[in-house]
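Thanks for coming, everyone. Let me put one chain on the screen and walk you through it.

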Amino acid sequence: MTVVIGFEGSANKIGIGIIRDGVVLSNPRRTYITPPGQGFLPSETARHHRAVILTVLQEALEQAALTPADIDCVAYTKGPGMGAPLVTVALVARTVAQLWGRPLVGVNHCIGHVEMGRLITRAHNPTVLYVSGGNTQVIAYSERRYRIFGETIDIAVGNCLDRFARVIKISNDPSPGYNIEQMAKRGRQYVELPYTVKGMDVSFSGILSYIEEAANKMLASAQCTAEDLCFSLQETLFSMLVEITERAMAHCGSQEVLIVGGVGCNLRLQEMMGVMCEERGAKLFATDERFCIDNGAMIAQAGWEMFRSGQTTALPDSWITQRSEFTSAGLLLSGSTS
């Protein structure tokens, strides 16, 4: 059996997971949380990761009841993500690989999400909606390549939600998106917002600019509540995502949808996508926050796929990249061979 440990730290979450042939043995995680109205800076996030990463590593080994001698391969997030946190985690992963005498595998963060979703849900060949703080893409796997069928042309859906949360001072604990979801459940009035779908792509910057400018005025004049704005923003953003996902399904002839990424654990998004799938006679697959949100197990799983297919990363090539290897042209993505 092959055991892979995965290090993830591309944003404000630091996680280390261990996978043994498709079984999650451990998956501890820590989150860097800032005060309401604030985002997280790369340098401060990296400082947080440095402070806790060895503790998380020890937890991962103890929860899995393993020692370094039991590990066959060390995987880490090569990118995309925030530079300073990525470097912090990559340095630890490189050091651990050398100390333990194990091969190293650099993993594409995006593929980690997709492979984890497929592992947990057992989806066969789904159209994937990948939604997170830094990514919004509709992906399908064809001819041993992940290909992009639609994506955001500006900011990601998670980034849009996070920045709106700062405007109305929503808490970042446990996450802005989660708190928006809870407030949206109490919304009663739909406020019309810009809806921008361009073929297979979406645009969120206009919605964000509009609601940033209108929010305080509407709240001050009692035209609506903060809960109404959260409800309206979710409904608009998620309707756009369902539309482009359905269009990709029709193009690919797909009967499965898999939602991955941090925003993917939003139950309203899952509900809306489920309605669309039911109308098409298709099946929806999704996971909960243990595997949707950035975690080490997803990097371990993608690393397991790569390692089993003979791929490793030489030490001189174990750099990081802040840019995504997903391209609008839908070219080959480094990573999975499943």
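How much accessible surface does the chain have, and what share of it belongs to carbon and sulfur atoms? The surface comes to about 13,900 Å². Carbon and sulfur atoms hold 51% of that.

Keep in mind that this is a predicted model. Mean pLDDT is 93, and 96% of the residues reach 70 or more. One stretch to treat separately: residues 326-338. There pLDDT stays under 50, although the model has 41 contacts for them beyond four places in sequence.

Now the fold. I count 10 helices and 13 strands. The radius of gyration is 20 Å, close to the 20 Å from the globule rule for 338 residues, so the chain is as compact as a globular protein of that length. Along the principal axes, the C-alpha atoms fill a box of roughly 65 × 45 × 30 Å.

Inside, buried residues make up 55% of the 338. Take contacts with a separation of 6 or more: 77% of them join residues 24 or more positions apart.

Charges next. There are 29 positive and 33 negative side chains. The centres of the two sets lie 4 Å apart.

Note on methods
Residues are numbered from 1 along each chain as its sequence is written. This is a predicted model: local features need pLDDT of at least 70, side-chain atom pairs count only at pLDDT 80 or more; totals for chains, interfaces and linings use all residues. Side-chain values use heavy atoms; hydrogens and water are left out. Helices (H or I, at least four residues) and strands (E, at least two) are DSSP runs, numbered from the N terminus. The radius of gyration is taken over C-alpha atoms; the globule rule is 2.2 Å times the number of residues to the power 0.38. Buried means under 20% relative accessible area, exposed over 50%, partly exposed in between (1.4 Å probe, protein chains only). Contact means heavy atoms within 4.5 Å. Accessible areas come from the Shrake-Rupley method with a 1.4 Å probe; for residues, only the protein chains shown count as cover. Lys and Arg count as positive and Asp and Glu as negative; His and the chain ends are not counted. The place of a charge is taken as NZ of Lys, CZ of Arg, CG of Asp or CD of Glu. pLDDT is the predictor's confidence in each residue, from 0 to 100.
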